[in-house]
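Please look at the sequence and the structure shown below, and keep both in view while reading.

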Amino acid sequence: MSGTESVAFDTPRRERRADNFAMWVFIGSEAMLFGAIFLVFLVAHIDFGPAFAAASKHLSLPLGTFNTAVLITSSFTMASAHRLALHRRWRATIWALAATTALGACFLVVKGIEYGKEISEGLAPLLGLPFRYAGPDPVHAEFFFGLYFTMTSLHALHLIGGIVVIAGMIALWRTASPANRLRRVVAVGLYWHFVDIIWVFMFPVLYLINR
Amino acid sequence: MSHAAMPGTYLAEGSGPRAWLLTTDHKRVAWLYLASLTAFFFLGGAMAVLMRIELATPAGDLVSDDTYNRLFSLHGIIMVWFFLVPSIPATLGNFLLPLMIGARDLAFPRLNLASWYVFIFGSLFALFAVVAGGVDTGWTFYTPLSTLYANGFVSTAAFGVFIVGFSTIMTGINFIVTVHTLRAPGLTWFRLPIFVWTLYATSLVMVLATPVLAASLILIVLERVFGIGIFNPDLGGDPLLFQHLFWFYSHPAVYIMILPGMGVVSEVLPCFSRRPLFGYKAVAMSSMAIAVFGFLVWGHHMFVSGQSAYAGVVFSFLSFCVAIPSAIKVFNWSLTLRKGEISFEAPMLYALFFLGLFTFGGLAGLFLAALAVDVHVHDTYFVIAHFHYIMVGGMVTAYMAGLHFWWPKMTGRLYSETSARIAATVTFVGFNLTFFPQYVLGFNGMPRRYHTYPPEFQFWNVLSSAGAVVLAIGYLMPLFYLIWSLFRGARAPDNPWNATGLEWQTSSPPPPHNFETMPVVTRPAYAYDMKGLEHERFSPHREEAAQ
């Protein structure tokens with residue numbers, strides 16, 4: 001029972017495999033959450049395609065593209081952390097993890113700038129803010145922006161969750177055994193890549209469709 | 001409690017609030033859940049009793065229409081999410097899963113405890129909604145009623161249910177990983193007890209369906225709080241979309257509620273008829289089939305909601321299909337009894353009652369899956385009766401069967417067998433008296449969710465209300481004799497029922513990490529036909545099995 005966090009496991013190796021498996025099951029669950037919201041979007045897109053295409057042109061393509069690049073880079077640093085942890089290069093692992101959180105934070109800042117821009121342009125149909133959309137079919141454009149804010153903020157919440165967990169992991173780094181360090185990096189890495197992949201789907205669906 | 005007298009067991013590991021509230025022992029977490037779920041069961045039950053008293057007369061004389069709406073909404077919300085969904089998995093499942101597969105604990109003991117705290121946190125929101133003035137949307141939160149018109153604490157209640165969903169997902173992940181990674185040597189998948197199979201199938205549904213409920217409840221809260229109108233036609237949204245999302249979760253959710261009950265019955269019936277379970281593989285696989293088919297039938301809740309007629313036909317067909325694996329189970333249970341040496345201890349009585357009531361409720365489900373009949377009985381008491389035959393007659397009866405069956409293992413005490421047999425019978429009589437009249441009422445056209453009704457329905461309503469009183473007595477009795485047994489019950493032997501299964505091979509109650517020596521499994525489940533079983537003590541370290 002030594003070296004494992006859970007009394008149920010005999011060896012750290014078995015515990016790591018269980019952790020890895022649990023994270024995949026969790027990702028399956030998360031995929032259903034985002035799947036439901038994507039489904040809502042796609043059904044609405046089938047019904048109101050032209051309105052959605054027109055509304056989509058009001059999103060900032062440069063900022064969205066920049067953010068996509070930022071997140072894909074963060075996946076690279078996360079994958080590096082995994083590699084480095086496998087080779088027990090702990091100091092470098094920490095740096096790779098810190099870079100990952102920094103890139104995640106950068107994404108959030110840019111997203112915040114985008115939100116601010118959309119709110120000031122009157123494209124945010126929430127909290128009773130004025131909705132001043134000039135294009136065709138404003139009712140369904142409002143639906144598009146409602147979905148846009150729902151989907152991107154849900155994704156941002158997941159990103160914040162990932163940043164908090166990595167920060168916590170770094171804070172507990174000194175007290176963790178090498179087996180636990182590796183186990184946590186692998187599990188959090190899986191989650192981080194998943195959140196990135198969600199964005200990789202969200203970006204074309206929201207920003208690029210019918211452009 | 002007087003468990004200090006049981007040294008070396010998990011109950012002797014400390015008795016203060018800290019020892020219980022900070023435990024990561026799956027057996028103690030099961031007790032935390034059991035205590036909280038019992039409270040919710042009687043809270044939801046009290047609301048049902050109030051409704052039945054109101055319905056004893058055609059006029060609305062006890063409560064106002066508004067109060068009645070809140071009563072049935074909270075009854076549904078509490079019973080579905082704060083009792084039925086977690087009921088067997090979080091209590092019996094939590095306690096037994098590691099014992100049944102020969103593990104020291106669940107894969108993630110801390111996650112298990114966390115799931116209970118999340119459950120309690122979510123339930124605080126629901127309780128606040130009750131105290132602050134209630135919700136009047138029904139347990140289904142249908143839009144646009146819930147988003148535009150309802151004036152109760154919809155967001156609070158929906159948020160509570162949303163949070164409890166996390167607790168469900170945590171339990172589901174824990175169970176799936178535990179079954180995959182922690183089975184004892186020799187315990188292959190097809191040697192697993194059916195209870196483990198059903199917990200596994202349930203966990204799959206929990207993990208894959210609950211997030212869709214979360215998504216739909218988030219969207220409701222977003223609409224009410226932030227004004228994002230996904231379900232609001234004025235803002236371009238679609239109210240019917242909610243029903244699709246909601247039932248995509250909530251139909252699989254009824255299998256979350258019934259599958260573990262099927263598992264309990266599959267343990268109890270072979271034990272008290274001294275026969276191996278008939279068609280083990282078919283029963284195991286039909287559990288998985290129910291879990292898969294359950295995702296494909298949500299449209300049968302929407303036959304009259306304006307979905308396309310073609311979709312209706314497909315959903316009707318698929319709903320008939322989902323009855324097949326359930327029927328396979330019922331036939332296999334019946335054949336298990338054939339030529340058995342049946343004895344009628346309390347768990348067996350409950351299990352037999354389950355068999356009858358589940359069949360009765362399931363057959364009514366076929367009526368409802370038929371398009372034309374459903375148009376006639378939709379939103380009537382026929383649906384209420386069907387649902388309660390499965391959920392109360394099926395699930396709660398199985399829960400009682402399991403609670404009695406494993407009570408000696410959980411507490412190390414024996415309950416009063418006579419009281420338990422009387423309680424089981426009272427429950428059975430009370431249940432049928434309550435809900436059979438509702439089939440008749442529904443078929444004659446009495447709609448659900450009204451606090452008044454035309455006088456010609458009074459006869460059956462009075463029967464039903466009288467039955468509710470009998471049923472309440474049937475459920476209150478175990479509360480007393482089970483608690484009494486905790487203090488005064490005779491000490492239980494390790495295997496009072498001469499049952500197979502690893503959980504019976506350890507002491508009653510089990511030691512903190514379940515087994516003194518880790519077990520090795522050498523035979524299939526339910527080996528009741530093996531000669532001399534009743535005299536044979538388990539030998540945990542049989543050399544030849546270790547290979």
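Predicted model: local features only at pLDDT ≥ 70, side-chain atom pairs only at ≥ 80, totals over all residues.

## The annotated spans of chain A

Residues 145-173 of chain A are 93% helix and 0% strand, with end C-alpha atoms 41 Å apart.

Residues are numbered from 1 along each chain as its sequence is written, and chains are lettered from A and ligands numbered from 1 in the order in which they are written.

## Chain A as a whole

Chain A has 6 helices and 0 strands, and read along the sequence its pattern is α-α-α-α-α-α. Its C-alpha atoms fill a box of roughly 65 × 30 × 30 Å, taken along the principal axes. Of the 211 residues of chain A, 36% count as buried, where a residue is buried if 20 or more other C-beta atoms lie within 10 Å of its own, exposed if 12 or fewer, and partly exposed in between, with C-beta atoms placed from the backbone.

Among the contacts in chain A with a separation of 6 or more, 75% come from residues 24 or more positions apart; two residues are in contact if their C-beta atoms, placed from the backbone, lie within 7 Å.

## Where chain B touches chain A

The contact takes 32 residues from chain B and 32 residues from chain A. On the side of chain B that touches chain A, the elements that give two or more residues are helix H7 (154-181), helix H8 (194-226) and helix H9 (239-273) of chain B, and H8(B) gives the most, with 8 residues. By class, this side of chain B has 23 nonpolar, 7 polar and 2 charged residues; Ala, Val, Leu, Ile, Met, Phe, Trp, Tyr, Cys and Pro count as nonpolar, Asp, Glu, Lys and Arg as charged, and the others, Gly among them, as polar.

B:Ile220 has its place in helix H8 of chain B, and B:Ile220 is buried because 25 other C-beta atoms lie within 10 Å. Not counting residues up to four places away in sequence, B:Ile220 touches B:Phe141, B:Thr143, B:Ser146, B:Thr147 and B:Ala158. One of these, B:Thr143, is joined to B:Pro144 by a cis peptide bond with omega of about 0°, and B:Pro144 is in the loop between helix H5 (109-132) and helix H6 (145-149) of chain B.

Helix H11 (residues 309-337) and helix H12 (residues 346-369) of chain B pack at an angle of about 165°, with their axes 10 Å apart. Axes are lines fitted to C-alpha atoms, for helices over the stretch in contact, and angles run from 0 to 180 degrees between N-to-C directions. H11(B) and H12(B) are therefore roughly antiparallel to each other, since angles under 35 degrees count as roughly parallel, over 145 as roughly antiparallel, 65 to 115 as roughly perpendicular and the rest as oblique. The residues of the contact of H11(B) with H12(B) divide into 7 nonpolar, 6 polar and no charged.

B:Lys339 lies in the loop between H11 and H12 of chain B, and its phi is near 60°, a positive value in a residue other than glycine. Most residues other than glycine have a negative phi, and most peptide bonds are trans. With 10 C-beta neighbours inside 10 Å, B:Lys339 counts as exposed.

Key
Helix = DSSP H or I, 4+ residues; strand = E, 2+ residues; numbered from the N terminus.
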